Amino acid sequence: MHIEVRNLDKHFGNFHAVKDVSFDIEKGQLIGLLGPSGGGKTSILRMLAGLEQPDSGEILFHGQRVNELAPQERGIGFVFQSYALFKHMTVFDNIAFGLQVKKVAKSAIKERVMELVELTGLKGFEGRYPHQLSGGQRQRVAFARALAPEPQLLLLDEPFAAIDAKIRQELRSWLRELIERVGITSIFVTHDQDEAIEVADEIMIISEGRLEQKGSPWDIYREPRTPFVASFIGQSTLVDNPSELRGFETEVLGSQAKALIRPEYIEIGSERDFTLLSATSVGVVKHVHFRGSEWLVDVEVGGNVLTTFRSLEKETLEIGQEIRVLVHRAYLYNEERSWIVENP
Ligand code: ATP
């Protein structure tokens, strides 16, 4: 289902929870709503579901306005963090529930449930009760139950949050495959950036009620539009005086600009390590931490401390040692705009 959201706004009392949010989702995409706690992710999901009314703005499914439709009229399936399965019902009956409510014929229900049991890897568990299942299995039942009435949109609110790390990892790949096979448009809320990056076709970064950026995980990582996005996705160092770095001088940038630089965009070494010395700055080694697979190095350049990695094979660095620093690329931000600068 193609989804359009136009200028969605929501207050709870005086609190402005969702601020003028607009986006489009293509049919069949798996979208991650990612951001810190309290940012408004669940509120957006609940408005899509019809569980909450927006103050203003429009929601369109297939180009049709659905603001006035009740949740059960929107063709949506839900999976929540807590399993919310019916405890007194078997796996079969849990999955069949939505179809029974719709008064689907018994034989058709059986066929559909068996299809879903197969699809979600629960074959042989049909007769069990929720307490006889592991957390991961219960959550798979929740998916099967949500998919049974053939919804056009699947909404997932932190579906794996209550599951331990190892199983959560397995469930992520499982979810990716499931959504691809079913081909259903899906939106999931998470505050876990690894989960969003790994699972989603596109991520929407939500902070303080605003949609900061929407794009593929790779595009967002490579071209974060705001300092918040750059610091939320991946690692980066905030630099107050980028003009002190070679290649990022003030004339080009304006004096107000701040920079965010990822560790992998920084190269350090001795003079002989660089062919174009004029592109490098002089820095001083401040700290070196052992990280197992590499060193994590803090280097001071013109009052800025930059963090980078260094492989274990390279010669040992001494604290206080002078070193050359090449910054390949940085995200620059000032009040008005943001841009990316590459150092030749
Ligand atoms: P989390 O990851 O913690 O669930 P979130 O990004 O999903 O956070 P929301 O649950 O959408 O955030 O909440 C956004 C803000 O709106 C929060 O400050 C929350 O306290 C507030 N809020 C949400 N629902 C209500 C409500 N029914 N009444 C009052 N305030 C609410």
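Ile-266 stands opposite Val-327 in strand β17. Strands, like helices, are DSSP runs numbered from the N terminus (strands E, at least two residues; helices H or I, at least four). The model is a predicted one: local features require pLDDT of at least 70, side-chain atom pairs count only at pLDDT 80 or more, and totals for chains, interfaces and linings use all residues. Residue numbers start from 1 along each chain as its sequence is written.

Ile-266 faces Val-327 where β13 (residues 266-269) and β17 pair in the antiparallel sense over four bridges. Pairing requires at least two DSSP bridges between two strands. β17 also pairs with β14 (residues 281-290), again antiparallel and over four bridges. There, Val-282 has Arg-324 of β17 as its bridge partner. β17 spans residues 322-327 and is mostly covered, with five of its six residues buried. A residue counts as buried if 20 or more other C-beta atoms, placed from the backbone, lie within 10 Å of its own, as exposed if 12 or fewer do, and as partly exposed in between. In a regular strand the side chains alternate between the two faces of the sheet.

An open antiparallel sheet of four strands has the order β11-β12-β18-β19. Its edge strands, β11 (237-239) and β19 (338-342), each pair on one side only. Neighbouring strands of this sheet are turned by 30° against each other on average, direction ignored. Axes here are lines fitted to C-alpha atoms, for helices over the stretch in contact, and angles run from 0 to 180 degrees between N-to-C directions. Within the sheet, β12 (residues 258-261) and β18 (residues 329-333) pair in the antiparallel sense over three bridges. Lys-258 stands opposite Tyr-333 of β18.

Four strands also form an open antiparallel sheet in the order β2-β1-β4-β5. β2 and β5 (64-65) stand at its edges with a single partner strand each, so one side of each lacks a neighbour in the sheet. β4 (residues 56-61) and β5 run antiparallel and are joined by two bridges. Leu-60 has Arg-65 as its bridge partner in β5.

The ligand is surrounded by 13 residues, the closest being Phe-12, Ser-37, Lys-41, Thr-42 and Ser-43. A residue is near a molecule or strand if its C-beta atom, placed from the backbone, lies within 6 Å of it. β2 (15-25) and α1 (41-49) each supply at least two residues of this shell. The largest share, three residues, comes from α1. By class, the shell holds four nonpolar, eight polar and one charged residue. Nonpolar means Ala, Val, Leu, Ile, Met, Phe, Trp, Tyr, Cys and Pro; charged means Asp, Glu, Lys and Arg; the others, Gly among them, are polar.

Helix α2 (residues 91-101) has Val-91, Phe-92, Asn-94, Ile-95, Ala-96, Gly-98 and Leu-99 as its buried residues. α3 (106-119) and α4 (135-147) are among the elements that cover them. Contact means that the C-beta atoms of two residues, placed from the backbone, lie within 7 Å. Lys-103, which follows α2, has a positive phi near 60°.

The chain is assigned domain 1 (3-228) and domain 2 (237-342), with bounds from an automatic or database domain assignment. The C-alpha centres of the two domains lie 41 Å apart. Five residues from domain 1 and six residues from domain 2 make the contact. The side of domain 1 that touches domain 2 has two nonpolar, one polar and two charged residues.
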